[in-house]
Amino acid sequence: MAAALCVSSGAVQNKRSGVRSPHLQALVGLPFTIGCNLTLGPQESLAQVRWEDEKNQPLLTYRPGQAASFISHRVDQTPSQQYYSAITIKRVEPGDKGIYLCKFEVYPTGLRTGTVQLSITARVTMEGNKTAVSGKLAMLSCSYGLPESVQQVLWKKTAEQGDTSNVASFAKRAGATVTEPFRERVSVSHTLGESHLSIKPVRTEDEGCYTCEFNTYPEGSRSATACLTVYVLPKPEVTYRTVSEDVIEANCTALARPAAEIVWNVAGDNKTLGPAVSSSLQQGDGTTLVVSTILIQADLLDDQSVKCLVFHQGLDSPMSVSMNIKIGKALAILISVTTVATILIICMCICLWKCFIRRDD
């Protein structure tokens, strides 16, 4: 931001002169430029320019057309024209509040001074909208640039239906307070300039928009809002059944929030019997059950693999679940062989037992 102050031969701006000084407002954390315009009379010329703060500490000194002989680390010299001078506060801080003076040494009439009163304000900053995975930690953060003026920090939640409720607060005198029904899972940091709201474990009903409100003095109430989206990650499962001697029906299911997308990946020659058929069923907790069904020629599974790929907004890469009937067949054979072997062993034991009995007789 930039502001210019006019200093003329008819009205000298001086903090002791009784002339009212302009009042400007700068935001904490941003650069801010203050400028002075000088109007010269006939036979007058500008000899030197000085910028000072209200304690008469020098900020900038230079002669027209020459490099600055002094410049404070707090400011930058802004490019100036012949009768215009400006300084830029590099990064406004709370301590920059006060009166600034631009002093022009004019020949032959002497010193002319302009003053400006600068007040400091701040805005609430948030990290933006957040996503969280159900069952994990969700954290929302906000900050206000003038922590010494904050009396209380209040967090509010606005649900999708539009209902707004208080969640938690922290105040200098009252300390931290968390309202029901958030008390068991929500905590708020014991700080005023920067506030953190933690929810663990986060649930789907925690989804909504959260407002961080700073009650300050004398600025008043300042707030910002960010929305929280809660994901339920899918846990896909693949099942199959034999429809006929040559056809197998494969089913891939995924329960998630929002709904997942299922794609079948069949290696080698495509021996599927038509495209996959998908259906979805909305659950009461906000999740969606997606079922994808595909018919496959049975001989395809003798040499190739069939995979169910599940895509979801909360995943960096798709989840893959293989359907391997070979394992099922091998397991069935193993069970059969084990069963036969067990029967043979039992039979042998019975025979040996009978032989021992006969010998005793």
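Reply: Strands here are DSSP runs of E with at least two residues, numbered from the N terminus. The model is predicted, so local features need pLDDT of at least 70 and side-chain atom pairs count only at pLDDT 80 or more, while totals for chains, interfaces and linings use all residues. Residues are numbered from 1 along each chain as its sequence is written, and side-chain values use heavy atoms, with hydrogens and water left out.

β4 covers residues 45-53 and pairs with β5 in the antiparallel sense over four bridges; two strands pair if DSSP finds at least two bridges between them.

As for cover, four of the five residues of β5 (residues 58-62) are buried. Buried means under 20% relative accessible area, with a 1.4 Å probe and protein chains only; exposed means over 50%, and partly exposed lies in between.

Trp 51 is, with Leu 118 and Trp 155, among the residues with the most contacts inside the largest nonpolar core, which has 51 residues. Such a core is a set of buried Ala, Val, Leu, Ile, Met, Phe, Trp, Tyr and Cys residues joined through side-chain atoms within 4.5 Å. In soluble globular proteins, nonpolar side chains tend to be buried together. With neighbours within four places in sequence left aside, the residues in contact with Trp 51 (heavy atoms within 4.5 Å) include Gln 57, Pro 58, Leu 59 and Leu 60, and also Ile 34, Cys 36, Ile 87 and Leu 101. A second, separate core has 15 residues, among them Ala 250, Ala 254, Val 266 and Val 310.

Six bridges link β23 to β26 (residues 306-311), and Val 263 has Leu 309 of β26 as its bridge partner. The other sheet has six strands in the order β12-β20-β19-β14-β15-β16, and its pairing is mixed. β12 (130-133) and β16 (175-178) are the edge strands of this sheet. Within it, β14 (residues 150-158) and β19 (residues 208-216) run antiparallel and are joined by eight bridges; Leu 154 has Glu 213 of β19 as its bridge partner.

Finally, Arg 257 lies in the loop between β22 (247-256) and β23. Arg 257 is buried, with a relative accessible area of 15%. A polar atom of its side chain lies 3.0 Å from the backbone oxygen of Val 230, and one lies 3.4 Å from the backbone oxygen of Gly 286. Among the residues that Arg 257 touches, not counting those up to four places away in sequence, are Glu 207, Asp 285 and His 312.

How values were computed. Polar contact = N/O pair within 3.5 Å; in protein donor to acceptor, adjacent residues only side chain to side chain.
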